[in-house]
Structure formats: C-alpha cells, structure tokens
Amino acid sequence: MDSFADFIAGIPKAELHLHIEGTLEPELMIALGKRNGVSLPYPDAAAARQAYNFSDLQSFLDIYYRATAALITEEDFYDLTIAYLKKAASQNVRHAEIFFDPQSHTSRGITFETLIRGIERALMEANRSLNMSTKLIMCILRHLSEKEGFEIFEKALVWKHWIAGIGLDSSERGNPAEKFRNLFERAHHEGFLAVAHAGEEGSAASVRQTLDALHVTRIDHGVHCMDDAVLVAELAEQQIPLTVCPLSNVRLKVFDSMRQHNLKAMLQKGLLVTVNSDDPAYFGGYVNENYIEAAKALQLDRNDIIQLAKNSFTASSLSKIHKQLYLTEIDRYAATHESSSLHF
Ligand code: HPA
Ligand code: ZN
C-alpha cells in the first residue's frame, strides 16, 4: 500500500511561488563560483548550509542576494533553471510559475539578455521533454525605488513575449505596495498578469493595501490576512489565491513552528490557498517536502491534499480548459489511489 507521503508525491500539482534564484543549491553555487572565478563567502557547500540560519526575512535576503554573485553567464542561468525544473518534474509538478529578480543581476553588470536567454532556454527544454508547462513572472525589488522599477520594466518590454507577469518581492517592512502603484498600473496597461508578496512579514492591512493599490490577481504568502476576519471573508468570497510557503514561513520565523502554521485554518475558512517552496535551496525542501511537513504537523488529511493540489491549478494563470484538464487528472489520481495509507 502506498504511504501518505507517496500519495502526496504522486499527485499532480502546480507551483506558483518559486524564486529561481532561491533554487541555487550550495553545490551549484560553489561550482559556478569556481567556474567563473568569483569568490563567495563560503569555502564549500557544507559551510554555506551552516550559514543558512535566519532570524527573519531581511537576514535571509542579505544572504540570498549575496549568493547571486555566482551567476554570471547565460549558461549559469540555464544550469540554475534546468536543475530546478528537473527536480520539480520529479515531484510531479506539472506547471510552474517562476519568479526571477532581474535587478539583483543587472545591478552587478549582468545584462537582461544574458539572464533571460539562459532561463528561457531551460523553460523551453522543460516544455519539450519534462512534461511541464511554465510561465515567467518578473519581480520588482521593493527595497529599491519605483523609478528603478520602471527602468527594469522598460528593459523587460523587449522580452515581453517570454514574460507572463509582474510581481513584487524583497523587504515588505518599510516598503508599502503603494510605492509601486504607478508601475503596476503600467504593467496592467501592458497586459501583464500582476501578483505581489504581502502579509508575510507585513500585516493584514498590507494585504488589503496591496489589493487596493496594485489590483493584483494573486497574493504571495498572505498568511497574516487571518488577523482580519472581514478581509478573510472577502478573499474567500472572491477566491483570491494566496500562495503559501510553509517551510519558508517557519525558517523565516513568521511562525515559531510548523504546528503553529495557519495553513489548515486558512483551508477551513475556504480560502484559495496553495502550497509552494519559495526558495527551496535555503528553506529545506521543494514542493513535496512543503506538503509533507505541513501535513505531518497540521494533520492534513487526504481531502486537504486533494484540495491543495486542485487549488494550485485553479489559482494558476493557465487557461480554463487547461485548468479543467488538470482537475480531472487529479480526480482520476484520487480515484485510483483510494487505498493509500493515511500514515507516513
Ligand atoms: N519574500 C520576499 N522576498 C523574497 C522572498 C520572500 O519570501 N523570497 C525571495 N525574495
Ligand atoms: Zn517569495
């Protein structure tokens, strides 16, 4: 009989909150550092892993942006992206909407063309040979100015055919969504999908402001929405997706432990929540480990897992017909794995 972990591993799922730079495993970072003659703060992969002890979002971001120094050539961005895609495909991720942070590279003298060509080549390969569809979402760094955001946005327009959406990441504290109102208006005007991080280190009010100021169709994280019952009712009523990242939240001390995480409570409120890995090379797991750790700590049952997998496609930017195909596939999977054990 399949274990519950096997049931989770095998179910088709989408990943909607994944920073490609956050998939840079220490081994690849060290190898790229050597290949490019770039000196990194760690002598080896084990030393890097030891340093990945975070007290909050900012302490993580400092380490995460420093590691991008290893990424120089188009080949590096290809190697980074294909490694993630192979891992995701092995976990039955069938569709991925992938963030990238171009400002963290262009600020180091890497051209937009270099990074996007490398990423895109890997995405095309995954579409061809890994049975996976993908979309790219360009994130704007919110600790920088809106003017700098506009500068990268203009550069991105040349590559618009490869970019599905615009997102907003980095330090939420001190950088309210309002700061990027004009930029997101422009993004809407250009026909991009719009999403933004909110309610991770920020409050329920930050989620509300993000919806009001940026008119995003999805909130990344959003866990603090639960502090405002009126907001929760609205999010549930409008089925606005929230891309939750359980291991990230525990590692960045948004919750003291996985047992304190509010994922189950969010499901019970009827919110359109999904499970994602955020920055798997830093937080101890890819999407399956996020499902499994959350399921163990919060006693998620079979129906919760089926709901979360379905939500991941419903919350995606896939077409209606593609969503329906995946939902039917999940129903078929559930029906043919009815005897799966509820034990790990
Ligand atoms: N929050 C904000 N910015 C980020 C994150 C996150 O979880 N991961 C990578 N950049
Ligand atoms: Zn994130």
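**Close-up views of a predicted model**

**View 1. The largest pocket holds about 240 Å³ of space.** In this predicted model, numbered from 1 along each chain, local features require pLDDT of at least 70 and side-chain atom pairs pLDDT 80 or more, while totals for chains, interfaces and linings use all residues. Chains are lettered from A and ligands numbered from 1 in the order in which they are written, and side-chain values use heavy atoms, without hydrogens and water. The pocket is lined by 14 residues, and those closest to its centre are Q103, S104, T106, S107 and L144. Helices α6 (103-106) and α8 (146-157) are the elements that give two or more residues to this lining, and the largest share, four residues, comes from α8. On a 1 Å grid over the protein atoms alone, a pocket is an open set of points with protein on both sides within 12 Å along at least five of seven lines, a cavity is a set where a 1.4 Å probe fits but cannot get out, and lining residues have an atom within 4 Å of a point. Helices (H or I, at least four residues) and strands (E, at least two) are DSSP runs, numbered from the N terminus.

**View 2. The largest cavity has a volume of about 90 Å³.** One cavity of 30 Å³ or more is found in a search of the whole structure. Of the 15 residues in the lining of the largest cavity, H19, F60, L61, H197 and D279 lie nearest its centre. Helix α4 gives the most to this lining, with five residues.

**View 3. H17 (NE2), H19 (NE2), H197 (NE2) and D278 (OD) coordinate the zinc ion (ligand 2) at 2.1 to 2.3 Å.** Donors are N, O and S atoms within 2.8 Å of the metal (3.2 Å for Na, K and Ca); water is not among the atoms, so sites may look incomplete. The donor residues follow the spacing H-x1-H-x177-H-x80-D in sequence. H19 in strand β1 (residues 13-19) and D278 in the loop between β8 (273-275) and α14 (280-283) are 259 residues apart, a pair that links distant parts of the chain. H19 is buried, with a relative accessible area of 4%, and D278 is buried at 2%. Buried means under 20% relative accessible area, exposed over 50%, and partly exposed in between (1.4 Å probe, protein chains only).

**View 4. Helix α2 (residues 26-36) has P26, M29, I30, L32 and G33 as its buried residues.** These residues lie on the same side of α2, because they cover an arc of only 165 degrees around the axis. The arc is that of the directions from the helix axis to the C-beta atoms. Just after α2, G37 takes a positive phi of about 65 degrees.

Note on methods: Points joined across faces, edges and corners; volume = space filled by probe spheres on them.
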